[in-house]
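Here's a quick tour for anyone meeting this protein for the first time. Have a look at the sequence and the model, then read on.

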Amino acid sequence: FPSAATGKTPGMDRTLDLHNPDDMKMDRDLELAFLSMSDVIITVSSLEKDEISQLLPTSKVHTIGHVMYPDKITKTNFRERNGILFLAAFHGGMYYNGDAIWYFLKHIYPLVLRDTPIPLTIAGKGIPDELYTIVKNTASLTDHVTFVESATAIEPLYEKTRLLIAPHLYGAGIQYKVQSLLHVQSLSIIYYTPHS
């Protein structure tokens, strides 16, 4: 843990060196080969559509964005709420969410805790045991991090939280959780991509 550090790509029986340009080109070539076999390619952003159309000019590429409903309004006053929320799916191939919160716990959250003991809630489906272990074995995190596995509803989490974080180490596309939360009034969002 994280997957990015080990270089092991889930579902693949080979190991990638994510810092090796040859491996990254091989991965990209494989992805383009699969895309070129498609009758139609669906993207969620015009940026992706433009890039794929440029790389594969004979392909049929369409954009279908995420559907959002702008009727979510938190009932709890912002001043009555507290804490940071990381909401994600970890099951199946969602390994990048585990990597992202691992990075946050290791590199960002300790800096936050230096100034203010702001609680962090990690909520989602299939939270990896490694995350529980990291928190349990890191004294500075133990009192500040809570886990909510497979919440039956996410609105109560929004009602308790001031800030949603959406760390993103790698991947593509529009982050659905960020886009959907732009429609939730009174909830701040921090989205970041670390650069090496």
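What follows goes from the overall picture to a few particular spots.

## Ground rules

This is a predicted model, where local features need pLDDT of at least 70 and side-chain atom pairs count only at pLDDT 80 or more, while totals for chains, interfaces and linings use all residues. Numbering starts from 1 along each chain as its sequence is written, and side-chain values use heavy atoms, with hydrogens and water left out.

## The overall picture

The protein has eight helices and nine strands, taken as DSSP runs numbered from the N terminus (helices: H or I, at least four residues; strands: E, at least two). Of its 196 residues, 32% are buried, meaning under 20% relative accessible area; exposed is over 50% and partly exposed is in between (1.4 Å probe, protein chains only).

Now for contacts, meaning heavy atoms within 4.5 Å. Among those with a separation of 6 or more, 66% join residues 24 or more positions apart.

The average pLDDT is 79, and 68% of the residues score at least 70; pLDDT is the predictor's confidence in each residue, from 0 to 100.

## Inside: the core

The largest nonpolar core has 17 residues, and Phe90, Ile101, Leu105, Tyr109, Leu120, Ile122 and Val145 have the most contacts inside it. Such a core is a set of buried Ala, Val, Leu, Ile, Met, Phe, Trp, Tyr and Cys residues joined through side-chain atoms within 4.5 Å. β4 (84-89), α4 (95-115), β5 (120-125) and α5 (129-136) each give two or more residues to this core, with the largest share, five residues, coming from α4.

What does Tyr109 touch, leaving aside its neighbours within four places in sequence? Its contacts are Ile84, Phe104, Ile118, Pro119, Leu120, Leu141, His144 and Val145.

## Outside: two loops

Met37 sits in the loop between α2 (21-36) and β1 (41-43). Met37 is exposed, with a relative accessible area of 61%.

Over in the loop between β6 and α7 (155-160) you'll find Ser150. Ser150 has a positive phi of about 50° although it isn't a glycine, and Ser150 is partly exposed, at 39% relative accessible area.
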